[in-house]
Amino acid sequence: MAKGEELPFPSRTARFRQVVDRCGRPDVHLSLVAPARDRALQDLKRRGRVMTVWQAHRGGRTDHGVVGVFPGRGVQFLVFERSLKPFVGKRIVGIDYSLLSRPSGSRAEEPPAARTFSGAVHRTPRARPAVREHSKLKSEAPPVSPPGPVEMKQLLRRLERLLATKHYAAAHRQVRELVGRMDISY
């Protein structure tokens, strides 16, 4: 946190669904640098579009959020489509992660429907990947599954070593590979 910036303890509350209805579906902001050095996050903060969500990892506490950027352990930054100014000074409760915007490129998305002049709806064909001759000889590769807990721990340790030794390009490639395996976007 910057000097003079305190952690808020708001007394009034608002529901997460109200925030989503008024300000649009949020995206999760993934940053590999400190929030104070993240230019995109600071720009969004100035425009009032960022919410900090504290995620409870144990105990009976529930996730809650506050408008603004408050770095710390167990926080996630959500970026909204419109300004969150009506909710400044309120504790946002009832965080429903199913209301987050669907990642672009996810498998669940359908291609957009196109309308003809007659008004009938038809689907646009999907582009087929180029097939090489030698790939016909090999069997189909099994689908890539998300990493298990042990493999995730190993990947995170490898990422931590890369960041500690300032190999940022390799760390970025590692994160992109991991994100691709988990079928999410950033």
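Biologist: Which strands do the buried residues of α1 pack against?

Modeller: This is a predicted model, and in it helix α1 (residues 16-23) packs on the sheet, with a direction that makes about 65° with that of β1. In α1, the residues F16, V19, V20 and C23 are buried, and they cover an arc of only 95° around the axis, which puts them on the same side of the helix. The strands that the buried residues of α1 pack against are β1, β3, β5 and β6.

Biologist: Which exposed residues does the face of α1 turned away from its buried side carry?

Modeller: An α-helix has 3.6 residues a turn, so residues three or four places apart point the same way. The buried set in α1 consists of F16, V19, V20 and C23, while the face turned away from that buried side carries the exposed residues D21 and R22.

Biologist: In what order do the six strands of the open sheet lie?

Modeller: The edge strands, each pairing on one side only, are β1 (12-15) and β2 (27-29). Neighbouring strands of this sheet are turned by 35° against each other on average, with direction ignored. The pairing is mixed, and the order is β1-β6-β4-β3-β5-β2.

Biologist: Which residue in β4 stands opposite W54?

Modeller: Strand β3 (residues 50-54) and strand β4 (residues 64-67) run antiparallel and are joined by four bridges. In β4, the residue that stands opposite W54 is H64.

Biologist: Where is F80, which forms an aromatic pair with F16?

Modeller: The structure holds two aromatic pairs, and the one formed by F16 and F80 is edge-to-face, at 6.3 Å centre to centre with 65° between the planes. Both F16 and F80 are buried. The pair links distant parts of the chain, 64 residues apart, since F16 is in helix α1 and F80 is in the loop between β5 (75-79) and β6 (90-93).

Biologist: Is H29 buried or exposed?

Modeller: The place of H29 is in strand β2, and, leaving aside its neighbours within four places in sequence, H29 is in contact with D38, L41, Q76, F77 and V79. Its relative accessible area is 16%, and because buried means under 20%, H29 counts as buried.

Biologist: Within what arc do the buried residues of α2 fall, seen down its axis?

Modeller: Helix α2 (residues 39-46) packs on the sheet, and its direction makes about 105° with that of β3. In α2, L41, Q42 and L44 are buried, and these buried residues pack against β2, β3 and β5, whereas R39 and R46, on the other side of α2, are exposed. The buried residues line one face of the helix, so the arc within which they fall is 160°.

Biologist: Which residue just after α2 takes a positive phi?

Modeller: Helix α1 is followed by G24, whose phi is positive, near 90°. Just after α2, a positive phi of about 75° is taken by G48.

Conventions
Residues numbered from 1 in each chain as written. Predicted model: local features only at pLDDT ≥ 70, side-chain atom pairs only at ≥ 80, totals over all residues. Heavy atoms only, no water. Phe/Tyr/Trp six-rings, centres within 6.5 Å; stacked < 30°, edge-to-face > 60°. Helix = DSSP H or I, 4+ residues; strand = E, 2+ residues; numbered from the N terminus. Buried < 20%, exposed > 50% of the residue type's maximum accessible area, 1.4 Å probe, protein only. Pairing = 2+ DSSP bridges. Axes fitted to C-alpha atoms, helices over the stretch in contact; angles between N-to-C directions. Contact = heavy atoms within 4.5 Å. Arc of directions from axis to C-beta.
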